[in-house]
Amino acid sequence: LVSSRSLSPSGFTRRASTAQRRTHLSASPPAARPPSSTMKPTGRVLVYTRVRPPKGPERKDGLVVTASATEVAVADKNDRDPRTFPCDGAFAMDASQEDVFEQVGQPILDSVLEGYNGCVLAYGQTGSGKTHTLLNPGESVADSGLVPRLAAALFFTIGQDVGSVYVVRVSFFQIYNEQVDDLLKPVGNHNLKIKPNEKGGMDVDGATQVRVSSPAALMQLFNQGRKNLIYAETRMNKSSSRSHAVFQLVVDRRPRILDGGGEGGADAAGAAGAAGSEDAEVETTQVTGKLTLVDLAGSERVKRSGADSDLSGVRFKEAVNINTSLLGLGSVMKALGDKAKFVPYRDSKLTQLLQDSLGGNCRTALVVCVSPAAADHSETTGALEFGQRAMKVAVHARVNAGKVLVDAERIAADLEEALRMRAQGGSGRINELEDNLKEAEARLADLAAEREANAAALREAEAKAQAEAAQLTEQQRLDAEAEKERLMGLMRDREAALRAATDALTGERAQLSKELGQRKALESRLEAREL
């Protein structure tokens with residue numbers, strides 16, 4: 001209905017930006033990313049459902065789960081009507097990792113970069129695809145889960161935002177048998193305490209936190225920590241998570257200071273002193289977002305998983321602790337959904353740690369992973385019921401902003417970084433942005449003309465159908481009406497596609513204009529310093 005040229009105007013649409021992110025995922029230099037849609041302002045936990053592909057024998061025994069855009073249906077074992085579970089988004093068996101990132105990961109990351117706390121939890125029975133969705137490093141880009149995609153997208157954005165300075169810190173720990181263990185420093189850093197911080201959230205006291213400045217450094221830490229996660233083979237899963245894995249990113253963002261004036265710009269420079277002065281300090285606003293990714297260990301029935309037949313008792317103890325902590329999570333969700341006066345956060349280490357993510361200062365998304373197999377009907381239904389309870393949980397996210405003092409050393413670092421960026425990009429990047437902006441404007445004009453032509457054709461078809469209707473027999477009239485509806489449907493679909501392309505391109509234009517303005521302002525301020 002719409003040509004590929006209409007939907008892919010020289011790298012400005014969502015599809016093209018996805019390809020650019022894939023390139024960055026493979027460690028190539030970042031390119032400009034269009035603004036993503038922000039999270040739905042629902043004021044509650046957003047719930048998504050992902051149905052994993054069936055394994056070989058499961059197809060023979062029958063599949064009981066189907067997914068549409070915002071609903072999952074589970075067939076009844078007694079042949080009654082299927083039971084439906086609404087959600088904010090559903091991923092069918094053929095959904096890609098990129099689909100999950102676009103709908104769940106990117107909006108959460110955008111919120112974190114704005115200074116909000118964000119959290120993504122993966123919930124479901126063992127073997128339902130939680131770890132694949134969140135933590136899979138991927139042998140290919142297509143298989144990469146949320147963590148490597150978020151790493152690429154985060155530094156992708158940092159690379160194009162020349163007007164800001166970012167600091168990214170990483171932590172990685174697990175909750176194993178009700179004990180919090182550091183995964184980045186596993187030797188001697190066990191049984192850590194969870195303590196409240198001054199902002200009302202919860203921190204793991206003593207957990208290693210490492211500053212990173214590239215996606216490669218972030219992924220190196222992630223892979224290092226992932227090796228220390230505890231997995232074991234059970235009857236239901238060859239590589240079953242025996243702990244809850246928690247991966248955290250803390251992102252600080254403040255304006256880049258080149259003139260010693262802070263947010264007041266050059267006019268404030270006189271009061272603050274020259275940027276090169278040894279005792280110069282500038283006050284500015286810094287926002288801090290915390291991104292928490294939680295791969296919950298899968299709930300399991302000990303008889304099905306074989307944990308009860310493990311002679312050492314280790315698998316049985318793990319299963320009991322996993323199920324107990326998940327039961328505690330369910331109790332917290334129910335209490336929050338019912339707006340109970342008392343919420344049992346302290347019943348488990350998991351709910352203590354997630355206290356600010358569940359019903360607190362956070363934008364939270366829950367991905368419910370389910371199996372489509374008839375044999376897993378009970379577990380699938382239970383997981384989807386958990387998702388329904390989670391949709392009732394209200395959240396109260398706010399921007400975490402505060403004043404910070406930037407000393408002379410950091411001001412000098414800001415200047416050095418700006419000079420480095422100019423040397424790498426310089427006027428060539430500005431010229432490139434200007435050319436891209438002109439091309440975007442031209443494509444927008446083409447799309448506007450296409451939409452007008454489509455609307456004119458639609459009006460002409462309707463008028464022609466009305467004029468011919470009086471001269472037709474009843475059967476001819478019915479056939480003509482059906483053909484008219486078909487053509488009208490095609491034209492309306494085309495208009496929707498054109499509108500979507502226009503919206504995407506408008507966002508691209510805004511992003512290009514923003515970066516161009518930042519680059520020119522940076523260049524002007526550097527030239528002023530040199531003069």
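By class, the residues lining the second largest pocket of this predicted model comprise 13 polar, eight charged and five nonpolar members. The lining is formed by 26 residues in total, and the volume of the second largest pocket is about 540 Å³. Nearest the centre of this pocket lie Asn-197, Lys-199, Asp-203, Val-250 and Lys-290. Four strands, β7, β10, β14 and β15, each contribute at least two residues to the lining; their residue ranges are given below.

| Strand | Residues | Contribution to the lining of the second largest pocket |
|---|---|---|
| β7 | 164–176 | at least two residues |
| β10 | 202–205 | at least two residues |
| β14 | 244–255 | at least two residues |
| β15 | 281–295 | at least two residues |

A separate topic is the sheet containing β2, β3 and β4. Strands of a sheet pair through backbone hydrogen bonds, in either a parallel or an antiparallel sense. In the present model, three strands form an open sheet in the order β2-β3-β4, and their pairing is antiparallel. Because β2 (65–67) and β4 (83–86) stand at the edges with a single partner strand each, one side of each lacks a neighbour in the sheet. On average, and with direction ignored, neighbouring strands of this sheet are turned by 20° against each other.

The antiparallel pairing of β2 with β3 (residues 71–74) extends over three bridges. Within these strands, Ala-67 stands opposite Val-72 of β3. Helix α12 (residues 377–390) packs on the sheet and touches β2, β3 and β4. The direction of α12 makes about 35° with that of β4.

Technical notes
Residues numbered from 1 in each chain as written. Predicted model: local features only at pLDDT ≥ 70, side-chain atom pairs only at ≥ 80, totals over all residues. Heavy atoms only, no water. 1 Å grid on protein atoms, 1.4 Å probe; cavity = no way out; pocket = protein on both sides within 12 Å on 5 of 7 lines; lining within 4 Å. Points joined across faces, edges and corners; volume = space filled by probe spheres on them. Nonpolar A, V, L, I, M, F, W, Y, C, P; charged D, E, K, R; others polar. Pairing = 2+ DSSP bridges. Axes fitted to C-alpha atoms, helices over the stretch in contact; angles between N-to-C directions. Contact = heavy atoms within 4.5 Å.
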